[in-house]
Structures are given as structure tokens and as C-alpha cells.
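Welcome, and thank you for joining this tour. Please open the structure in your viewer and keep the selection tool at hand.

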Amino acid sequence: MRRDSGIRGLARAGLALMVALRASAAGAAAPDGPTHAADRTTTAVSRSTTTGLEPLPTSPADATTVRSPNPGRSTSPDSMIEEAAKKQSATLRIDLPPGRVLQPIDLVSTLRLAGARNVDIAIARQQINQALADLGKARALWLPSIFFGPTFYRADGQVQTVTGQVQNVNRNSLYIGGLMSTANGFAAPSPGTGYPAVNGMSSVLRFSDAIYEPMAARRDAEATRANLSAQINDALLETAEAYFTLQEASGKLAIAREAAANAELLSEITGAYAESGQGKTADHHRALAELNHQRKSVRLLVGQLQVASTDLVRLLLLDPKLIIAPVEPAEAIIHLIPDDEPIEALLSQALVGRPELAQYRELLNAAAVRLKQARLRPLIPSLGLTVSGGGFGGGNNSFFGNFGMRGDSAASLFWELHNLGFGDWAIMRRKSADREVANLQLIKMVNQVTADVAASYETRSAAILQIEESKNTVVEAVESFKLNVIDIRQGANLPRATRPIEVLQPIQALVQARTDYLDSVLTYNRAQFRLKRAIGLRPD
């Protein structure tokens, strides 16, 4: 009776394993060559048992090519998001803590949120406002400043008259009016020696500053605009990388769950064989060890998925209580740059379109303008101009009277040698060094851009070969798994029948094959986004 019950148990376990095998074999046919529906097309090449989802759109139709998951039913964004959430919850099988919500999101929506919410992009936009404010200030150097208000003056003691006599005086005066002067101020003469210094300031207009400072400020503003484009590209790439990390965790979690299910079935078969006397108890314990290992991998990958979700939530400034789940299958291949585009064309496009190069070129131009300004400053005259007007009156001691209108003006044109010319020479040396630094930074960025293009191009080329090789490996691994199970099922009680424990190696090989295929696809997708950013285009 024990032998009969063991055989029946073996038959039940073999039947269950064959059902799982059919699902796994159906998934093995998925890694086919990607279709090209547009320049940017997301193509699902994965088995349904890995992710349990088809691509679901949550963005305009021209962003990605997808299939409606349920023809004939409503495909509104809200209903599809709700359906995706249910599918993801069922597929990932994550025990959500209280207050946590599982939120599905696709790549296009992720990139759109990154462009609208990224803090680095917001900072770069404000830096443009700062540069434009500096430009407006530089352009206003030609305009005079206006000062107005009362000025009280009192003198007690010895003063010298214009004829040279020294007298003891007690006098005061009050001036109520205003003054208009050019921009750069210096201390005015004492009120008792000439026209009154309204608010104590007169000024100098340096033509070299008024001419060249707006030119340099304009170059700085253009550099900040280019920096904004670079920040947007970097933020989108960082977000895409975080999304791929989330996809990687999701895909590996599905692979681990499949492996755990296969290991559980194998433990049932080895247990049935050991109970019937056809197999070894040691084989059953070995299968149980593999089952425990795969279950541990599932728990570990659940944690990695939550960590990847937290990182993406941080980048998108979303509610920290959300757990983000990717909508697209983990093995979806994304085409941004044609695979047959030669690297020479990509390098040429990068040297023209990369915003970092435009930024450093503008900074070099600004440094060159400021160097020219420093060299010409001793040669270009400056203008000192003051015009004032108002009411003036006063008298001896505390008497105030004789009020009447008064107007004063003064103008001078002069050249200046700052610190006997040594100060000007030091300024020129500093501006020359600034220009050389800007030029070296531009050269460094050119080298960085070419390295970015070359690295992304080579990584993508290697990933293309890895995808083809790992795709074939998945097919072979599934076939090996299937044949081993058939040998166990059909070869029971035969002298050369396959030992059930020998299925352990095909299970592990299938896990490795699926993982290699997932890694190669995600490496290709990352390289595509990096390459698009490297040539100066937005990686979206």
C-alpha cells in the first residue's frame, strides 16, 4: 500500500510539474526579435509569467506603441491605470504595510513628472533669472541715479575764505532738493568748499564697464540657458535609470517566484520518490534546501523592489507612502537611436548639440570679453557728471533765512591708472587666467562628450549581441527543463531513468538564463537613454 500511494503521489507531482512546464515553455517562445513601429517604440519580448502585464498606456498615443489588454472594453486612462494596479498587485504579491498604496506608472509618465518636478531643473531655471537680472543691471550702467532729500550743514570755528583770509564763523545751512549722477559713486567734496553734496555722493561712469559688461553678462545668460537644457537631460536620464532599476527588481522578483514554484514542485516529486522507495531521502532534502533558497531570494527581491520604488518616489517628489510598480514588462526593449547609426555621425551630432558644450563656449566668450574690457580700461576715459537742484538757505548761528532756488552741475572726463597701473596689470593677468581656465574646461568637456558617446555606443553594441545569445539560452534552458521532466515522468522504474534531483540543475539554469536575458535588455535600454543624452537630445 505504501508503494502504491507513493506512485500515486509521484504521478500527481509529475502532472503538476507538467502543467507548470507548459506555462514555462509558452513563455520561452516570447524572446523574439523586436518590432520597429516608430523611432521610439516599446516592444514586449518577455513571457507573461515574468511580469504578468502587457504594456498599458497612460500617456498620449504617439509616445509608445501598446496593445489594449482587453479588446472591446473601455480603455480610458483611469480604467487602465486601475486595471494595471490590480494586475501588479496580483503579480508582485507584496504584503503592503498599513497606509501604503501600490501605484502603477509607465516610463513616459515617469519622465513627464521628472521634467515638471525635478528640483535641479527648478534651480537651473532660477539661475537663468539671476543671470538675466545681472544682464539688466549691466545694461543700466548708462543710466544716472537720482538722490533726493534734505541736507543740513553747520560750521563752527576757523574757515578760510576764497581770498585766503581765515575767519571764525558760526553758520548753518539747509538744502532741500535732489541730485542726479552717473552710476559709480565716490565721496563728494565738503559742502563748505563748493556746491552742496546732496546725500554725500557724486559719481563716475566708466565707459569700458558700460560697453563690455553687458556683452559679458549676455554671454553668461546664454550659458545659464544651456545649463538648463543640460540639467533637464541629466534629470531625465537619472529618472529613467531609476525606472529601469525598478523594472529590474520587478523582473527578478517574478523570476525568483517562478523558480520558487519550480523548486516546490521538485520537492514534491523527490518527496514522492523517497516515500515510494524509488528515490533517495537526501535528494528530497537537497530539493527542500533549494526551495528555501529561492524563497529567501523572493523576500530579498521584494525589499529591493521597495528600495527602488523609494528612490523613484524621491526623484519625482511623490507621496512617500506610495510603492511604485512599473507598467511595462521588465524585458520591454526600447528603441531611441537606430542601431545602425555609425559612431562618427553620433560624435558629430554630440559636438554640435550637446548643451554642456554650448554652456562652456558661452563662458569662454564671456571670459574673453572681460579680458578685453580689462585691457582697454586704462585707455578708455571715464565721465564724472553731477547735476543738482533745489532750495537753499541759512545764516549766522541759528538763523535760517534767505531761502531760494539753487542749481549746481559738474562734469569731468578723465583717464585712470589704477594703483599707478599695477592694479590694472594685475586685473589683466587675472582675466587672462580666467579665459585660459574657461578654454581648458571646454577642452575637458569635449573629451567627456566623446567619451560618453563612445561608452554608450559600445555598451549598446555589446548588449545587442548579449540579447541574441541570452534569448537563445532561455529557449535552450526551457527545452532542457522540459526534457528532464519528460524523462522523469516517462522513465519511472526504468534502469536508466533520470533521477528527479537532476531537474534541480535545469531549474537553476533557467533562472540564470532568464536573469541574463533581463540584464542584457535593461543594459541595452540604459545604453539607449545614455546615448541619446550623450548626443545632446532629451532622453525621453
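A word on helices and strands before the first stop: both are DSSP runs numbered from the N terminus, a helix being H or I with at least four residues and a strand being E with at least two. This is a predicted model, where local features need pLDDT of at least 70, side-chain atom pairs count only at pLDDT 80 or more, and totals for chains, interfaces and linings use all residues. Residues are numbered from 1 along each chain as its sequence is written, and side-chain values use heavy atoms, with hydrogens and water left out.

**The whole chain**

Start with a cartoon view of the protein chain, where you can find eleven helices and ten strands. Of its 540 residues, 44% count as buried. Here, buried means under 20% relative accessible area, exposed means over 50%, and partly exposed is in between, for a 1.4 Å probe and protein chains only. Now think about contacts, meaning heavy atoms within 4.5 Å. Among those between residues at least 6 apart in sequence, 78% join residues at least 24 apart.

**Stop one: Gly353**

Select Gly353, in helix α8 (residues 343–353). Its relative accessible area is 33%, so Gly353 is partly exposed. Leaving aside residues up to four places away in sequence, Gly353 touches Ile535 and Gly536.

**Stop two: the aromatic pair**

Next, select Phe244 and Phe529. The structure holds one aromatic pair. The ring centres of Phe244 and Phe529 are 5.3 Å apart and their planes stand at 75°, so this pair is edge-to-face. Phe244 sits in helix α6 (residues 207–276) and Phe529 in helix α11 (residues 504–534), so the pair links distant parts of the chain, 285 residues apart. As for the rule, rings of Phe, Tyr and Trp (its six-membered ring) pair if their centres lie within 6.5 Å; planes under 30 degrees apart count as stacked, over 60 as edge-to-face and the rest as tilted. Are Phe244 and Phe529 buried or exposed? Both Phe244 and Phe529 are buried.

**Stop three: Glu241**

Stay in helix α6 and pick Glu241. With a relative accessible area of 18%, Glu241 is buried. Its side chain is joined to that of Arg530 by a polar contact of 2.6 Å. Such a contact is a pair of N or O atoms within 3.5 Å; within protein, one must be able to donate a hydrogen and the other to accept it, and residues adjacent in sequence count only if both atoms are side-chain atoms. Not counting residues up to four places away in sequence, Glu241 touches Arg526 and Arg530.

**Stop four: helix α10**

Move to Ser470 in helix α10 (residues 422–490). Ser470 counts as buried, at 7% relative accessibility. Which residues does Ser470 touch, not counting those up to four places away in sequence? They are Ala513, Asp516, Tyr517 and Ser520.

Still in helix α10, select Leu483. At 42% relative accessibility, Leu483 counts as partly exposed.
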